[in-house]
Amino acid sequence: MKPQVVLDIPQTIRKCFMVAITRLLKISAALIAVIGFWGMAGAQTFLMYDSSPYSVELQGRSGIVTEANGAFGVYLSFGSANAVTASINADSLWTMIFAAPNGAPLAVRSYPNAGNTPSTTNPWIGFAAFGRKCNQTGSFDVLQIDYGSGLAINSLAVDFVVYDFGVQSEWSRGSFRYNSAIPVPEPSSFLLCSMAALVVLLCQRVNRKCGPACK
């Protein structure tokens, strides 16, 4: 009779797996909520977000903020049509700034090579959450923008990504919708990126806990 082999999985590794599974379930719930939005008629207001574990602002968080748990505001920044500020007062104060270069009005188009300050040559992007913000680069796509009277914005749809200090692994991205029926990007792409980020984080935690024994 052959002896049975019992695998002794260290408690620290089991704990890491449970943390990863919990985060993945939260992401899945967020994606189900977004799919629910698609099935609803009319314009919607929400922010769907995702991030790398190394993001200064979000630190690996993924999810959705809606009007059910946040107060949304969108307006022209500095009284100029080239810059739009979007803010959400929810579990934290979220702030997003999108500006066209050279004082041009913000329009429906892609804005690559965005920087952290106003410029005559490059777009400007800013993203802050949970009281955190750093120097950022990135890009954004304005999918819809309808100007109202004065400083008001009637509707806005923007997909964006920022890199903290220009480092590609320190990313945060989102799909912001304000009174807009424009759909968000393919949910599977958000899910795959989130799963990849979780795998990287899990492997790093396991390696730190196991040390040479895991190599």
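Q: Is Arg 177 buried or exposed, and what is its relative accessibility?
A: First, the kind of model. This is a predicted model, where local features need pLDDT of at least 70, side-chain atom pairs count only at pLDDT 80 or more, and totals for chains, interfaces and linings use all residues. Residues are numbered from 1 along each chain as its sequence is written, and side-chain values use heavy atoms, with hydrogens and water left out. Now the term: buried means under 20% relative accessible area, exposed means over 50%, and partly exposed lies in between (1.4 Å probe, protein chains only). Arg 177 counts as buried, because its relative accessibility is 0%.

Q: Which element holds Arg 177?
A: Helices (H or I, at least four residues) and strands (E, at least two) are DSSP runs, numbered from the N terminus. Arg 177 sits in strand β10, residues 171-180.

Q: What does Arg 177 touch?
A: A contact means heavy atoms within 4.5 Å. Leave out residues up to four places away in sequence. Then Arg 177 touches, among others, Gln 44, Thr 45, Phe 46, Leu 143, Asp 159 and Ile 182.

Q: How far is the backbone oxygen of Ile 182 from a polar atom of the Arg 177 side chain?
A: A polar contact is a pair of N or O atoms within 3.5 Å; within protein, one must be able to donate a hydrogen and the other to accept it, and residues adjacent in sequence count only if both atoms are side-chain atoms. Here the distance from the Arg 177 side chain to the backbone oxygen of Ile 182 is 2.8 Å.

Q: How many salt bridges are there?
A: Side chains of opposite charge can pair when their charged atoms come close. The rule for a salt bridge is a side-chain nitrogen of Lys or Arg within 4 Å of a carboxyl oxygen of Asp or Glu. That rule gives 2 salt bridges.

Q: Which residue forms a salt bridge with Arg 177?
A: Asp 159 does, with the closest N and O atoms 3.0 Å apart. Arg 177 lies in strand β10 and Asp 159 in strand β9 (residues 153-164), so the pair ties together parts 18 residues apart in sequence. Asp 159 counts as buried, because its relative accessibility is 15%.

Q: Which side chain meets Arg 173 in a salt bridge?
A: The side chain of Asp 50 does, at 3.8 Å from N to O. This pair links distant parts of the chain: Arg 173 is in strand β10 and Asp 50 in strand β1 (residues 44-51), 123 residues apart. Arg 173 counts as buried at 18% relative accessibility. Asp 50 also counts as buried, at 1%.

Q: Why is β1 largely enclosed by the rest of the structure?
A: Count its buried residues. In β1, 8 of the 8 residues are buried, so the strand is largely enclosed. Both faces are covered: Gln 44, Phe 46, Met 48 and Asp 50 on one side, Thr 45, Leu 47, Tyr 49 and Ser 51 on the other.

Q: Which strand is joined to β1 by 7 bridges?
A: Two strands pair if DSSP finds at least two bridges between them. β10 is joined to β1 by 7 bridges, and the two run antiparallel. Met 48 has Ser 175 of β10 as its bridge partner. β1 also pairs with strand β2 (residues 63-66), antiparallel, over 4 bridges. There, Leu 47 stands opposite Val 65.

Q: How many helices and strands does the protein have?
A: The protein has 2 helices and 10 strands. Of its 215 residues, 45% count as buried.
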